[in-house]
Amino acid sequence: AAPDKDELPEGWPRVPARPPDLVTLPEGWQGPWDDAQPSPEVAATWTYGFYFPIYNLAVPAVLAVLRSVRKYYPDSPAYVLQDGGNIDYAGVCALPEYKCQFEQVPAENSRWNPHSW
């Protein structure tokens, strides 16, 4: 059963009550300390999207993550990008239980910039 509200597990870091010392945001940006918590009605209107850069290994793990996304976010967009791998997830993404968009691009070392193409 899903929890009644989104909570971090015990021991996970929490957002501090105020910005840490020496942390500044660019002008016009808002941090989690600037706004009051949204009402449940407002939060219910938020949508989430998912981006998964993958390669060849861990096919069972990729499928498990996609199933988890669909379990909790059945209608959210999910984009699976394979950077140089050779496993075609297009058929998997077409299945209703995964419902994702798949793209395969040539290999490149994009660890420093996830949007380099």
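Me: Why is Phe-52 called buried?
Reply: This is a predicted model. In it, Phe-52 has 18% relative accessibility. Buried means under 20%, so Phe-52 counts as buried.

Me: And Phe-50, is that residue buried or partly exposed?
Reply: Partly exposed, at 22% relative accessibility. The class runs between the 20% limit for buried and the 50% limit for exposed, so Phe-50 falls inside that range.

Me: What makes Phe-50 and Phe-52 an aromatic pair, and a stacked one?
Reply: Their ring centres are 6.3 Å apart, and pairing needs centres within 6.5 Å. Under 30 degrees counts as stacked.

Me: Why is the pair of Tyr-51 and Tyr-79 stacked?
Reply: The centres lie 6.0 Å apart and the planes meet at 15 degrees, so this pair is stacked too. The pair links distant parts of the chain: Tyr-51 sits in strand S1, Tyr-79 in strand S2 (residues 78–83), 28 residues apart. Tyr-51 has 32% relative accessibility, so this residue is partly exposed.

Me: How many aromatic pairs are there, and which residues form one aromatic cluster?
Reply: The structure holds five aromatic pairs. Tyr-48, Phe-50, Phe-52 and Tyr-73 form one cluster.

Me: Which residues have the most contacts inside the largest nonpolar core?
Reply: Phe-52, Ile-54, Leu-66, Val-80, Tyr-89 and Cys-100, in a core of 13 residues. S1, helix H2 (59–72) and S2 each give two or more residues. H2 has the largest share, four residues.

Me: What is Val-80 in contact with, leaving aside neighbours within four places in sequence?
Reply: Among others, Phe-52, Ile-54, Leu-66, Cys-93 and Cys-100. Gln-101, Phe-102 and Glu-103 are also on the list.

Me: How do you know that Asp-75 and Lys-99 form a salt bridge?
Reply: Their closest N and O atoms are 3.3 Å apart. The cut-off is 4 Å, so the pair qualifies. The structure holds one salt bridge. Asp-75 is in the loop between H2 and S2, Lys-99 in the loop between H3 and S3, 24 residues apart.

Me: Why is Glu-97 not called exposed?
Reply: Its relative accessible area is 48%. Exposed needs over 50%, so Glu-97 counts as partly exposed. Glu-97 lies in the loop between helix H3 (90–94) and strand S3 (101–105). Its C-alpha atom is 9.0 Å from that of Lys-71, 26 residues away along the chain.

Me: What share of the chain is buried?
Reply: Buried residues make up 21% of the 117 residues. The accessible surface comes to about 9400 Å², with 58% belonging to carbon and sulfur atoms.

How values were computed:
Residues are numbered from 1 along each chain as its sequence is written. This is a predicted model: local features need pLDDT of at least 70, side-chain atom pairs count only at pLDDT 80 or more; totals for chains, interfaces and linings use all residues. Side-chain values use heavy atoms; hydrogens and water are left out. Buried means under 20% relative accessible area, exposed over 50%, partly exposed in between (1.4 Å probe, protein chains only). Accessible areas come from the Shrake-Rupley method with a 1.4 Å probe; for residues, only the protein chains shown count as cover. Rings of Phe, Tyr and Trp (its six-membered ring) pair if their centres lie within 6.5 Å; planes under 30 degrees apart count as stacked, over 60 as edge-to-face and the rest as tilted. A nonpolar core is a set of buried Ala, Val, Leu, Ile, Met, Phe, Trp, Tyr and Cys residues joined through side-chain atoms within 4.5 Å. Contact means heavy atoms within 4.5 Å. A salt bridge is a side-chain nitrogen of Lys or Arg within 4 Å of a carboxyl oxygen of Asp or Glu.
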